[in-house]
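Happy to go through this one together.

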Amino acid sequence: MKYISLGKDKQIVTLSEGIFKGLADDGSLFMPEEIPILDPSFYNRFTDLSLQEIAYNVLLPYVEDELNGDALKKIVQETFSFPIPLENICGPIYSLELFHGPTQAFKDVGARFLSRLMSHLHPVKKRKMVVLTATSGDTGGAVAHGFYKVPGIEVVILYPKGKISPYQENQMTSLGHNIHAIAVEGVFDDCQNLVKRAFNDGELRKEVMITSANSINLGRLLPQMVYYFWGVAALRKKMPGINPVICVPSGNFGNITAAVMAFRMGLPVKRFVAATNVNDVVPRYLNDGIYDPRQTIETYANAMDVGNPNNFPRLFHLFNKDLDKLRQIFSAISITDKQILETIQSVKQQYDYLLDPHSSTGFLCLNQSLHDDEKGFFISTAHPVKFVEIIEKVLPQESERLIKEFGADKVPNNILKSMPVSYNVLKEKLLEV
Ligand SMILES: *Cc1c(COP(=O)(O)O)cnc(C)c1O
């Protein structure tokens, strides 16, 4: 399997080149050159396979040029080592809970896979390697824990100061060792732009081998396909032959791109719904055909506060950049903060299920979009304990219970580093870590 860049250069690279470069030389994203279709017999037996066995079968065609079967098995076993249950919420609606990993969000899957892939594929450690990433909240914790104490790799994480929860902040600032978390005095898009500048800085890259762990990295995108197979298999065990509707709370649109890739590999899915908060560039695009990125708006679902989703070119590529083709199996709905809160409250009261603000958009969009003859699941992208400040607004007893149960009242306990939105300051830091 080769990987191709989506810019006009059409750069072709191997898996390890793609992983360590992050972005192509022209700044565009890599995609698999083609999406392999799994043998139909796989779909006759995938309900009987374990999560790790599914992961192995799905990922092998993407990595087999550079990893042997045993190496992939080991990586897959270490990555998919926590449960991913499919829970019924009510009637036709199920929740695929991706929050049972070390930092309680779906990003643990991608970060764990990527870190193990990198340490496997990293050649002789001649130059210092720095993983550089921007986070709107959940990436940081997942990357920090995924790479913690991995030898030869330093990790620099930029996050918007004061715009993530104390619990999230603690997950990335409390580790130390090779993990450097820096609060940037700006918004997430500022962090993302700083990262992009570093990647486009040829002079810097001669000194330091920088690589990305963002959702733009192929090594994060690929393993995210796996749990869609797992979720559909789990639903088919209950309802043989079902083609579910899948709803994904979306910000940078990496998670839902992986879902559509799984579909292209033959996974039986009826259609997809992207749930967004009021950062609604994609819902508006599907509606009026004008792609018009805007400034980021802060919401209660802050890991989805993205004004210009950086994985959208990948998604569009999967539909040959044809908006009408996209519309056939893909819709998107934007949810306000008020609706997020109302849904958290009503789902707890009616069905005794506690949603986090992101998963709340997933439930509501799926509920709004399902027709009478359809069934589906949404991805529960984070555990509610990560957002007790929001839960507290409508369910104060629940937030208190969570705080006690998880010790979520721990405030960041180390000295926080912060920096202005300045590329030169970042560059200095990258040279000195
Ligand atoms: C990152 C994140 C999202 C958005 O995922 P994308 O792949 O960027 O679309 C949604 N919910 C949570 C909790 C997240 O951490």
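This is a predicted model: local features need pLDDT of at least 70, side-chain atom pairs count only at pLDDT 80 or more; totals for chains, interfaces and linings use all residues.

Residues are numbered from 1 along each chain as its sequence is written, and side-chain values use heavy atoms, with hydrogens and water left out.

Q: How many aromatic pairs does a search of the whole structure find?
A: Rings of Phe, Tyr and Trp (its six-membered ring) pair if their centres lie within 6.5 Å; planes under 30 degrees apart count as stacked, over 60 as edge-to-face and the rest as tilted. Searching the whole structure in this way gives an aromatic pair count of 15.

Q: Which kind of aromatic pair do Phe42 and Tyr43 form?
A: Their ring centres are 5.2 Å apart and their planes make an angle of 85°. Planes over 60 degrees apart fall in one named class, so the Phe42 and Tyr43 pair is edge-to-face.

Q: Is Tyr285 buried or exposed?
A: Tyr285 pairs with Phe316 at 5.8 Å centre to centre, with 80° between the planes. Buried means under 20% relative accessible area, exposed over 50%, and partly exposed in between (1.4 Å probe, protein chains only). Tyr285 has a relative accessible area of 9%, so this residue is buried.

Q: Which residue has its charged end over the ring of Tyr56?
A: A charge sits over a ring if NZ of Lys or CZ of Arg is within 6 Å of the ring centre and within 35 degrees of the ring normal. For Tyr56, the charged end lies 4.9 Å from the ring centre and belongs to Lys73.

Q: What does the UniProt annotation that covers Lys107 say?
A: Lys107 is buried at 12% relative accessibility, and contacts (heavy atoms within 4.5 Å) beyond four places in sequence include Asp138 and Arg220. UniProt positions are given in the numbering used here, feature names are shortened, and annotations may be inferred rather than shown by experiment. The unreviewed UniProt entry gives Lys107 as "modified residue: N6-(pyridoxal phosphate)lysine".

Q: How far apart in space are Ala301 and Lys270, C-alpha to C-alpha?
A: Ala301 is buried, with a relative accessible area of 0%. In sequence, Ala301 and Lys270 are 31 residues apart. From C-alpha to C-alpha, their separation in space is 27 Å.
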